[in-house]
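Before reading on, take a moment with the sequence and the model below.

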Amino acid sequence: MSEDLKIGPDGLGRCSWATATPELGEYHDNEWGLALTDDDGLFERICLEAFQCGLSWLTILRKREAFRQGFAAFEIEAVANFGDADIARLLADPGIVRNRAKIVASIENARRSREVIAELGSLAQLIWPYAPPAEAAPRSFAELPTVTPESRALAQELKRRGFRFLGPTTVCALMQACGLINAHLAGCHARERVDLARADALRRLA
């Protein structure tokens, strides 16, 4: 068994990063990789993955509720209407990552998301067609790419549409988090559930 897979006290296998803290364990078991298709949910992940650049995901998780309060629960329409006063408010909020460029990018990404929804009906209709074919379960983290052809293509399309802070590596992480790519290791108890949710999402969006 790979060192990247750990067996917990409950006898279940997990990707080893999930055993580092309770927050990571909760996120791994109940959220990471489960198919996400609703607009505000996808927008939240777009924002949080962008804020995570250069930081640990645990830092973002611990600030997530503050982010939700500051960004109007990541309701696209609300954030799209943020102005200079909101930027100043967020820059003064110690509960979030106070990076002006990323705050401004999140507001712009809300506006671009609103445009996508008006054109295609949902963010999922833009993002999910880039889901790659299902592959064999990785046995170690070394087998997990940080960039894929699909993440490059989606990043390029998002950039063309005016989205910010979403390069191929960030988009690959987004695709893993939202269930387009199943990045749970072989032997991880969550992998089968993520596969089933992914297949169901692809059927619904076809």
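Q: In this predicted model, what is the volume of the largest pocket?
A: The largest pocket has a volume of about 530 Å³, where volume means the space filled by the probe spheres set on its grid points.

Q: What makes a residue part of the lining of the largest pocket, and which lie nearest its centre?
A: A lining residue has an atom within 4 Å of a pocket point. The largest pocket is lined by 20 residues, and those nearest its centre are Trp17, Trp32, Trp57, Ala173 and Gln176. Two or more lining residues come from each of helix H1 (22–30), helix H2 (39–52), helix H3 (57–62) and helix H10 (168–177), and H10 gives the most, with 6 residues.

Q: How many residues of each class line the largest pocket?
A: Its lining has 14 nonpolar, 5 polar and 1 charged residues.

Q: What is known of the second largest pocket and the residues closest to its centre?
A: About 320 Å³ of space lies in the second largest pocket, and of the 20 residues that line it, Pro132, Pro133, Glu135, Ile181 and Asn182 are the closest to its centre. Helix H9 (149–160) and helix H11 (191–205) are the elements that give two or more residues to this lining, with the largest share, 3 residues, coming from H11.

Definitions and conventions:
Residues are numbered from 1 along each chain as its sequence is written. This is a predicted model: local features need pLDDT of at least 70, side-chain atom pairs count only at pLDDT 80 or more; totals for chains, interfaces and linings use all residues. Side-chain values use heavy atoms; hydrogens and water are left out. On a 1 Å grid over the protein atoms alone, a cavity is a set of points where a 1.4 Å probe fits but cannot get out, and a pocket is an open set with protein on both sides within 12 Å along at least five of seven lines; lining residues have an atom within 4 Å of a point. Helices (H or I, at least four residues) and strands (E, at least two) are DSSP runs, numbered from the N terminus. Ala, Val, Leu, Ile, Met, Phe, Trp, Tyr, Cys and Pro count as nonpolar, Asp, Glu, Lys and Arg as charged, and the others, Gly among them, as polar.
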